[in-house]
Amino acid sequence: MTTTAQTHRPDFLSGDEYSIPTYAVLSQDGTLHDGAEGPDLERDKALRIYHAMVATRVLDERMMAAQRQGRLSFYMQCTGEEAAVIGSAAALDDADMIMAQYREQGALAYRGFSFDEFMNQLFGNELDYGKGRQMPIHYGSRKLHYMTISSPLATQIPQATGYAYGQKLAGEGLCTIVYFGEGAASEGDFHAALNMAAVHEAPVIFFCRNNGYAISTPSVEQFAADGVAPRALGYRMHVIRVDGNDVLAVYRATEKARRLAVEENKPVLIEAMTYRLAAHSSSDDPSGYRSRKEEEAWRAKDPIRRMQLWLEAQGWWSEDEEKALQDELRREVLETMKRAEKRPPPAIDSMVTDVYADVTPALQHQLDALKQHVRRYPEAYPRGARSLDPALSHGDADQGGD
């Protein structure tokens with residue numbers, strides 16, 4: 001029901017009457033802004049957050065290099081957005097559901113997803129939870145409450161509302177967080193999700209990573225309003241805009257958003273203002289649509305360096321520990337990648353499992369035909385042929401593959 005005061009003049013509102021500030025706690029030099037209050041963050045948790053941020057950066061750098069070497073078909077980096085993703089994930093209960101877009105590997109790293117698990121998915125080997133059916137970076141983990149990523153843009157947003165409504169009915173005190181970029185907020189799914197969440201009071205946190213670009217389209221060409229945050233007002237939803245490179249601000253904002261969602265069944269929209277330091281994906285060249293000067297300006301706001309300085313100011317971290325961590329993570333990533341590359345692909349039979357409760361005759365017929373084809377042309381499918389019949393293995397079986 002809509003109730004408003006009555007007026008007798010045709011005065012229109014444009015939205016310019018409202019100004020949503022950006023919440024910030026931590027300066028780039030690692031000190032708190034004047035008047036800012038940091039979150040109640042214990043040393044162990046702060047270091048867990050920082051470790052996940054650095055691990056994500058190292059993983060991204062190494063896997064992008066692997067893609068350029070032809071060892072990996074595709075990759076997308078979180079570089080520059082680690083504070084937004086990991087700071088928010090850290091403010092949740094580990095049993096809360098995470099629905100990601102495709103740049104939130106840091107949330108998985110924070111919850112304990114190992115480099116082995118990352119690599120198995122990226123290379124689609126026999127230990128990949130998705131059995132090699134998804135393209136790289138489409139992670140998922142039932143045990144870590146991280147819904148498997150879907151490629152179509154914004155589909156996870158209304159799904160999150162529905163899942164959160166189910167959590168509300170279950171009454172277990174949990175919520176859902178859904179991540180998306182400001183470009184995805186231009187999809188109709190975004191508006192349908194916010195409206196449903198507001199009407200049904202679903203415990204969901206809509207987390208928008210406003211990184212300035214929807215692939216190559218700058219924000220100024222995406223919408224005329226002051227970012228994404230004001231849209232929440234149209235749905236009578238709680239909203240906050242936060243410095244997405246400030247891990248303390250993101251953590252505290254999400255912590256409060258979770259209380260609203262779980263204790264009061266109030267959906268919340270968080271707009272994190274950040275920047276995608278890397279290309280949109282390994283298929284993108286950002287030099288065609290943004291300047292080096294712009295990138296360097298944002299590189300100076302590196303969220304990892306900002307947190308490192310804060311940790312050092314607390315006496316919780318040192319340069320020696322930083323070097324040791326970097327060396328350890330780089331070594332671990334390289335060793336893990338080599339293991340993952342050598343693992344065989346999923347068994348051919350896995351292509352037809354988990355589709356129906358029982359494999360249908362039609363699927364079995366197709367599988368048998370595939371096996372016959374592979375056996376007939378083993379040189380074209382060396383790895384597949386070897387998994388069917390070791391006697392068909394060739395000396396060059398590790399070169400190429402299907």
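Author: Helix 4 is mostly covered, with eight of its nine residues buried; buried here means under 20% relative accessible area, exposed means over 50%, and partly exposed lies in between (1.4 Å probe, protein chains only). Helices are DSSP runs of H or I with at least four residues, strands are runs of E with at least two, and both are numbered from the N terminus. Please keep in mind that this is a predicted model, in which local features need pLDDT of at least 70 and side-chain atom pairs count only at pLDDT 80 or more, while totals for chains, interfaces and linings use all residues. Residues are numbered from 1 along each chain as its sequence is written, and side-chain values use heavy atoms, with hydrogens and water left out.

The buried residues of helix 4 are Phe-115, Glu-117, Phe-118, Met-119, Asn-120, Gln-121, Leu-122 and Phe-123. They pack against helix 1 (43-68), helix 3 (105-111) and helix 10 (319-342), where contact means heavy atoms within 4.5 Å. Just after helix 4 comes Gly-124, which takes a positive phi of about 60°.

Let us take the partner helix 10 in detail. The axes of helix 4 and helix 10 are 9 Å apart, and the two pack at an angle of about 45°. Axes are lines fitted to C-alpha atoms, for helices over the stretch in contact, and angles run from 0 to 180 degrees between N-to-C directions. That angle makes helix 4 oblique to helix 10, because angles under 35 degrees count as roughly parallel, over 145 as roughly antiparallel, 65 to 115 as roughly perpendicular and the rest as oblique. The crossing of helix 4 with helix 10 is right-handed, a term for a near helix turned clockwise from the far one by less than a right angle, with anticlockwise being left-handed.

From helix 4, the contact draws on Phe-115, Asp-116, Met-119, Asn-120 and Phe-123. Helix 10 brings Leu-329, Glu-332, Val-333, Thr-336, Met-337, Arg-339, Ala-340 and Glu-341 to it. By type, the residues of this contact are seven nonpolar, two polar and four charged; Ala, Val, Leu, Ile, Met, Phe, Trp, Tyr, Cys and Pro count as nonpolar, Asp, Glu, Lys and Arg as charged, and the others, Gly among them, as polar.

Ser-141 counts as buried because its relative accessibility is 3%. Leaving aside residues up to four places away in sequence, Ser-141 touches Leu-108, Phe-113 and Tyr-146. Ser-141 and Ile-98 lie 43 residues apart in sequence, yet 9.9 Å apart in space, C-alpha to C-alpha.

For another helix pair, turn to helix 2 (residues 82-90) and helix 7 (residues 247-264), whose axes come within 8 Å and cross at roughly 40°. Helix 2 and helix 7 are therefore oblique to each other, and their crossing is right-handed. The residues of their contact divide into six nonpolar, three polar and no charged.

Finally, here is the setting for all this. The chain has 12 helices and nine strands, and 50% of its 402 residues count as buried. Among contacts between residues at least 6 apart in sequence, 71% join residues at least 24 apart.
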